[in-house]
Structures are given as C-alpha cells and as structure tokens.
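This briefing gathers a few computed features of one protein model, arranged by topic. Please read it alongside the sequence and the coordinates.

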Amino acid sequence: MYKKVTIQQLRLGMHVHALGGAWIHHPFWRSSFLLDDPEDLRLLRTSSVPEVWIDTSKGLDVHQGKVTAHDAPEQAEPPVLEVFTPHGTDATPLGLEVAHARALCAQARDAVMEMFSQARMGQTVNMLKNSSLVNEITESVVRNPDALISVARLKTADNYTYMHSVAVSALMVALAQQLGFDEAGVHQAAMAGLLHDIGKAHSDLEILNKPGPLTDLEFAHMKHHPVAGYELLKHSVEDDLVLDACRHHHERLDGTGYPDRLQGDQISQLARMAAICDVYDAITSDRPYKKGWSPAVALQRMAQWRDTHLDARIFGAFVKTLGVYPIGSLVRLSNGELAVVYAVHKDSLLTPKVVRFYDTSRHCLTAPPERTDLSRAPHLTIVQREDPQQWSFNNLESLWQAAAHADAQAEMLAAAAASATAQQTACAAA
Ligand SMILES: [Fe+2]
C-alpha cells in the first residue's frame, strides 16, 4: 500500500516509492529504494522535497519500528493515503532549454553509439549507465518537452540509428507524462525508447547504413532486430515490460506487424506507445534517400493509420503532447504568408507561436521574419499545413530555433526590466 508521509514522518526502514515536489530538486534519482542509509535520510531532510510516498508492503509503516537518533519525531496527524500522481514544473523557456538539449543530444548520441558497439562485441549492456542517461533525458523533457524532442529529430546520415534511440526515448517520456504515468512508469517508458532498436547492433552494417532504400531481402534481414534486441537484453534488463516493448514495437493492431504478428490487446501499452514514437521519429527524420516529412504532415498521415496500425487513444495523447502543429511545422496563414511553428501552447493547440517569413502572393521573403503568437492575433489563422518538400526552402530548422531563442531573450529582458522597475518603485516608496 502506498502512503504519502511528510518529510518529518520519514524514518529509516521505510521503503521510498516516490519523492514529492519538482523532480529537478530531488537530492538523488532513484525510482524507489529502501531508506536504510542515515546519509540519505539527512539529504532528504535538508532538500526541498516536501513529502514522500512510501510502500508499506516493502518497508516500515508510519507507526512501525523504533524511533532512532536519526529519526525525527512523528507528527500527530495520520498520514494521507493517496495514489501517486506525477507532477510538473514550470517549463523552462524553449530557447534556453534548446541549448542544453543540443549538448545532451551530443552526449547521448556518443553513449548510445558506445552501447551499440559493446553489444556488437557481445558485451552486456550497462544498465547503470543507461539509467543515468534516461534520467538526463527525462529531466530535460520535464524542463521543456519541446526542446529535446525537436532537437533530437535533426539527424545526420551517420548518426541516424543512435539519435533515433535518443529521440524515441524523449518522445516516450513526454507521452508517458501525458498519459499520467507515475515517475517509475515514465522511467520505464524512457528506457524502452532508448533500448528499443538495440537489436540493430546485430544487423549487417552495410544494410543498416545503406544510403538508399532497402531491397525486400535487406528489409527481411532488418526485421530480425526486435527479436535480436530481446535476446540481447533478456539477461541484463529485469523489467519484463521494457523487454516486451523492445520485442514488439513493430507489431500492428491488425496483426500485420512483426515479429510475432500480435493483434489488438495482445500488444502491451508500452509497445503501442513505442510503435507511435518510433514511427513518428522515423518519418520526420531526413534520410540520405528521402527527406523527412514535416511534423504536422507526419501527424496528419499517422492519423490515417489509427485503429489499423496504431492505438487511437494513445495517438490522441501523442498529438496533445506535440500539438496539432508541432514545432518545426511549415504552415500557411490566412493572409497568404508561410510560417514555421516555434512554440506550442498546450492549452490552445491550434494557435501556436510562429515565425512568418514568406509572402506567397508576392513570392518573396518577408524581411525580417516576424514572430507572431497566433493566440493573440485573432485576425490570423492557420489555413493549412504545407509540405516543405514542395518548396525550395533550406534551413527551416534554424528559423524556428532562432525564433525560440529570440523569444527567450525577450522574456529575460522583460523580466529584468520588471525587476528594475520594482526596485525603483521600492526606492521611491522608501
Ligand atoms: Fe525498430
């Protein structure tokens, strides 16, 4: 049974199930653990964690055990029984988190590359290292879900396989949060995303890195990777659901997927989530032989695969996570201008922030490009998604990144100005 207790009621011998408060303020990251180290108890008491969920089936209850010198006096009021619910934080501005996401992507890509290379040599996957990487990915997505997801979508031919693992992991975190998973569940989803394609370590490198479409024979070879991944991980990954998601992320609801041709309810929720995140990242990424679809176009096309291939309810949550017009989408506005989406309002998915840069009636660039929050511009609406492949624009990615950066700078400037005004008012009042 889970109980929420205050930090003062926490004692050695209790089994911590989850920590309260913002994740980024936790003194350490462990999904659950037996509190048997006085130093851990001291760290928790001096942190800003307000309360803790304990699992009384795995450790002491509030009224059990002896009070020791390390334990604080219990509070008189009974603990509140609650089901664990995830909690959010105020989002870091996208423009600020993007810089961190870029650095994290580089570090994560190297770590995944090393994991693949060790797997190729027959070495065991280092789950401790993966767990720490998953934590960093999760923390970035918690700070701002759009940053890492949008940056990880940008890949080069030589790092596609590795960055794809990072991107799917980040998407799984955001989707799991949207679906209301608890902290352990989010960690599980992130891990499944990171490991889902590890079986490709056993694929023929020439086929894996082929700069062109695969022949039927080559495709048949690549279809072994979910089982290869399962076999590779089954001795080092204890979590059966993670293993299942790695094996079944290419299954389809109508039974036309692989490797086990599972149907409907036979496919676990985590595997259905992995299938959606995997497909989205694959079709929005540039490949040497094929340009990736714009995020908005990708969602539109994926909507046609609901119920046959993809779970409709989870897909709905996925769209809510990214927005109807995800960051990086090219759209046409009601005044005939083309714009790129650079920020999404989670409570108003149809009116994102865009940067307007091209006038289709005059066939010329708008100079300079103009940032507009469509939620505050009722005279302007999005009339349709545009396929970037129909236009000869280069570098739409740097356009949304520059706009997000400019927005963050403007926010900081406004905050600094507000602070200076407040101080001046205070001086005048004194
Ligand atoms: Fe795969």
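Against which helices and which strand do the buried residues of H12 pack? In this predicted model, they pack against helix H11 (269-284), helix H13 (312-322) and strand E9 (382-385).

**Helix H12**
- The residues of helix H12 (residues 295-303) that are buried are Pro 295, Ala 296, Val 297, Ala 298, Leu 299 and Met 302.

**The iron site**
- The iron ion has as its protein donors Asp 197 through OD, and His 225, His 249 and His 250 through NE2, at 2.1 to 2.3 Å from the ion.
- The site is classed as irregular, with angles among the 4 donor atoms that run from 85 to 174°, and four donors count as tetrahedral only if all angles lie between 85 and 135 degrees.
- Along the chain, the donors of the iron ion are spaced as D-x27-H-x23-H-H.
- Distant parts of the chain are linked by the pair of Asp 197, in the loop between helix H6 (183-195) and helix H7 (205-208), and His 225, in helix H9 (residues 225-233), which are 28 residues apart; both Asp 197 and His 225 are buried.

**The largest pocket**
- The volume of the largest pocket is about 1000 Å³, and its lining comprises 36 residues, with Phe 219, His 250, Tyr 258, Asp 278 and Ala 282 lying nearest the centre.
- At least two lining residues each come from helix H5 (160-178), H7, helix H8 (216-222) and H11, and H11 gives the largest share, 5 residues.
- Sorted by class, the lining holds 15 nonpolar, 11 polar and 10 charged residues.

Notes. Residues numbered from 1 in each chain as written. Predicted model: local features only at pLDDT ≥ 70, side-chain atom pairs only at ≥ 80, totals over all residues. Heavy atoms only, no water. Donors = N, O, S within 2.8 Å, 3.2 Å for Na, K, Ca; no water. Tetrahedral: all angles 85-135°; square planar, octahedral: opposite > 155°, others 65-115°. Helix = DSSP H or I, 4+ residues; strand = E, 2+ residues; numbered from the N terminus. Buried < 20%, exposed > 50% of the residue type's maximum accessible area, 1.4 Å probe, protein only. Contact = heavy atoms within 4.5 Å. 1 Å grid on protein atoms, 1.4 Å probe; cavity = no way out; pocket = protein on both sides within 12 Å on 5 of 7 lines; lining within 4 Å. Points joined across faces, edges and corners; volume = space filled by probe spheres on them. Nonpolar A, V, L, I, M, F, W, Y, C, P; charged D, E, K, R; others polar.
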